Amino acid sequence: MTNMVTLTIDGLPAIVPAGTTILNAAASIGIEIPVVCYHPHLTANGLCRVCSVDIGRRLQAAACVTTVAEGMVVNTQTKDVVTARRTILEMLNSTIDLSEAPHLQDLLLEYDADTERFDGMERRESPVHDDNPFYLRDYNKCINCWRCVQVCAEDAQYTFALSFDGRGFHTLIGTFEGDGMMDTTCVFCGQCVGVCPTNALKPKRQFLLEQGVDPDDIFRQTRRGGKRRREPVAEN
Amino acid sequence: MIVPDRIVRTTCPYCGVGCQMHLKVKDEYIYAVEAPFDAAPNYGMLCVKGRFGTDYVKHPGRVKTPLIRTNRHEGRSAPPVWREATWDEALDLVADELVRVVREYGGDAVASYASAKATNEDNYVFQKFIRALMGTNNIDHCARLCHAGSVTGLQLSIGSSAMSNSIAEMENLEAFIVTGSNTTETHPVISNFLKRAVRQNGAKLVVIDPRRIDMTNFATLWLRQNPGTDVAVFQAMAHTIVKEELYDPDFIAERTEGFNDYLESLESFTPEWAESVSGVPAESIREAARIYAGANRAAIYWGMGVSQSTHGTDNTLSLVNLALMCGHVGKAGTGLNPLRGQNNVQGCSDSGGLPNVYTAYQRVDDPDVRDLFQTTWGVDLSPTPGLTATEMCDACYTEEIRAMFVLGENPMMSEPNQNHARAALEKLQFLVCQDIFINETGAMADVILPATSFAEKDGTFTNTDRRVQRCRAAVPPVGNSRPDWDILSDLGRRVEARLGIKMSAGFDYGHPEEIWEEMRRVTPDFWGIDYARIEREGGVHWPCPSFDHPGTPFLFAEEFPRGRGKFWEVAYGTESEQPDAEYPYNLSTGRVLYHWSGSTMTGRSRLEDVYPEAVCEISPFDAEALGLVTGDWVNVSSRRGTITLRVLVTGRSPQGTVFVPFHFAEAAANLLTLDRIDDRAKIPDYKNTAIKIEKTTAPEGLDEGYDEHLFDRGAIKDPVQIH
């Protein structure tokens, strides 16, 4: 028999099994807490803090990783909570290219974020890695949500090709010694591409199509140009 | 940023896992593939082939209009000269020729390959066409070349040959055996669930495989048996289970027969004897037996390594014996699980693409069954089981077969002893290929009928765990190509007109759903599955006898189809070609992650960029003895042929055995393999061929840029070194 826990979320009672996260407890009574780094099918880490809620303590709690407790009183929409979320979004926006992250764009609007508040802040910049035939890595768009690292590791593929690189503000997703993907253990399953929330990871075909390359030419841009093996490839 | 015009949910066209995927389409071009996280069987995961390798759909080499060969007089092996034809002209020619052959030589002079890549509906119409109009049961498909050993063994012992348990159960395994399956490369998404069972739930994995495959990195115990000695290891495990009384006496008493006879036959199969034969330490065999028998729930997963052998049936029977004596079958998280190789190899068999059965294994020589089909189709049907795929080749050579219809298959890559296969096909009076590309077999055909790819048609696929799922059209057909079922229906009507018969169930289909409905009516196992239900539930595991039946994720909970599971005595011996002084090495063939089957599809996608040619994996010991380093060119020869390719030195290969993938036409591994087959299953011995290796120089006319970069491009590298 599972122990049930009773708590209050935004004034409403919720009864959920012990061990449930605040995020899921809220969802069970129809209250949606915004998330960015969280993915329902992956291990939650509470990295981005956009899901922060007030649980009556000095520090707000990340709803995706904090589990419920008996009698807990949760407020998901206090002034402080909204301010915290807005600030997080504004800081993300000022340092990272969020132009291809529709969900984040929606949140910026929803929280009335001032997109120019931190203008002039150092932006986190990185070259675009185009080192394999399948996908590109553009870490200018990366918010370090950790999803790609996790699916590459114990959340899906057990390949361990990706990890964090650098420290603090300059932390980026990287590979062992900065190797190109072809020189890592990567098997190009693309689970990382499938979970990337900001299009920092993008299928090469999609990238080329966005560049205006004609679908027929996309084939010609493969190394073999769509030719069969051991046929010389004409220079063009 | 691109906003897709539409996102179409469909089933992956590659391996048997049956991953659900979303095709993102812009201007009729599939620019990205994603996987839904909430859908079985893959729950958001894909592999490189599914996610990035479906661009062959728009490859410039797609056949866009029917083609008729104009240089037939030069022989089938001459480079073909094609002229474009209308559908009317091409289909009339095919109908004329097939009817001529049937009239002159009888229906049994026609042979056909059904397709493990086409939908259930395509294959149903195809076998109906062959059986009802050609009047023969000469229909088979590539399952003969991959899992015939498993099918025959499972049929003999329990009476059903499908994978007994579902993919969803894998995460909850307590212990399991993987043998003869390089799971991470051949069924990548299934391997992720198996790895998860080990890493997150502490399941114990025993790998029994001569190659140091990736799964060994997750194994509690790895038995590296000498190639071809599988029976010795499995039997010695059974011996241990008996000696240490680890078996399940209740299950044996209630559900099985023949245990006592089997018990006596086990006496000589001691682990010490097995060690002398297989090279696996006796204590490891005992340990493996204890792990498997000691668990409450334990499953066995196997692939081609077990079945593709002259003793493939025996291999399977000895695995079944293990499961029966331990009672590891008929419960969740247990079972006997042959991993199917192709997206619809299960479905093609289910739809009647086999010489001895109609849909869902209803036998052609059973008068009651035949009556049902005769009534439904309104014609008399042949009661004689037809030829198997491996027998067809010989029958072409002896001119018993005069015409052949190949639906989306490539026997000129997949048949063993290719030189013999070529000589056999050359003798055909008429060869028609229906495919999306002109592959090696198509190049020998008289007529090419252009079919649509998976992304351009509707229908159903049945994956390895018997889950019937939808395939949905995402983009319009290339050129004048048409869906297989549509071409076959049209052809059927033309043949009907020539034969002067009008069938009651006819070939007047307007949509694959109508075909499924007809198939459902004649197949009790499918009664509870229709398109509306698949739409609602995503997929249904057959058998499913009614609409209120939930489907059957695991089989044999109550009883086996043959009643009691039967223990079969298994003798140890080998008919395989053994290495000798002249041909001192053993050749094993198989697949790599980046390619699939004859590479008709993967060879025309961007997958080709990372794995562009065959390499011969050789152990460091053998390489040193032969003076070879990675990148050297070698001639690999057997008594039947020679191929030229480069070597990759890797500890993945055991000493004395080299591995060559069979995907590559210019170094076709099956030029070397022997067409000796398992007596019962008729499956060839793809994993054992005696060969010799000689250093040579690069062939003429190689593309230089391509030559230089082969081994620095990542995918072709020593996997043992990286880990």
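**Chatting through chains A and B**

Student: What distance separates the centres of domain 1 and domain 2 of chain A?

Tutor: Taken over C-alpha atoms, the two centres are separated by 26 Å. Domain bounds here come from an automatic or database domain assignment.

Student: And how many residues does each domain put into their contact?

Tutor: Domain 1 of chain A gives 16 residues and domain 2 of chain A gives 15. Two residues are in contact if their C-beta atoms, placed from the backbone, lie within 7 Å. Please keep in mind that this is a predicted model: local features need pLDDT of at least 70, side-chain atom pairs count only at pLDDT 80 or more, and totals for chains, interfaces and linings use all residues. Residues are numbered from 1 along each chain as its sequence is written, while chains are lettered from A and ligands numbered from 1 in the order in which they are written.

Student: Which classes of residue make up the domain 1 side of chain A there?

Tutor: The side of domain 1 of chain A that touches domain 2 of chain A has 10 nonpolar, four polar and two charged residues. Ala, Val, Leu, Ile, Met, Phe, Trp, Tyr, Cys and Pro count as nonpolar, Asp, Glu, Lys and Arg as charged, and the others, Gly among them, as polar.

Student: New topic! How many residues does each chain bring to the contact between chain A and chain B?

Tutor: Chain B brings 42 residues and chain A brings 35.

Student: Which elements of chain B supply at least two residues each to that side?

Tutor: They are β3 (29-34), α1 (48-52) and α7 (188-201) of chain B. Helices (H or I, at least four residues) and strands (E, at least two) are DSSP runs, numbered from the N terminus. By class, the side of chain B that touches chain A divides into 21 nonpolar, six polar and 15 charged residues.

Student: How many helices and strands are there in chain B?

Tutor: Chain B has 25 helices and 26 strands. Its radius of gyration (taken over C-alpha atoms) is 25 Å, close to the 27 Å from the globule rule for 723 residues, so chain B is as compact as a globular protein of that length. That rule is 2.2 Å times the number of residues to the power 0.38.

Student: What share of chain B is buried?

Tutor: Buried residues make up 61% of the 723 residues in chain B. A residue is buried if 20 or more other C-beta atoms lie within 10 Å of its own, exposed if 12 or fewer, and partly exposed in between, with C-beta atoms placed from the backbone.
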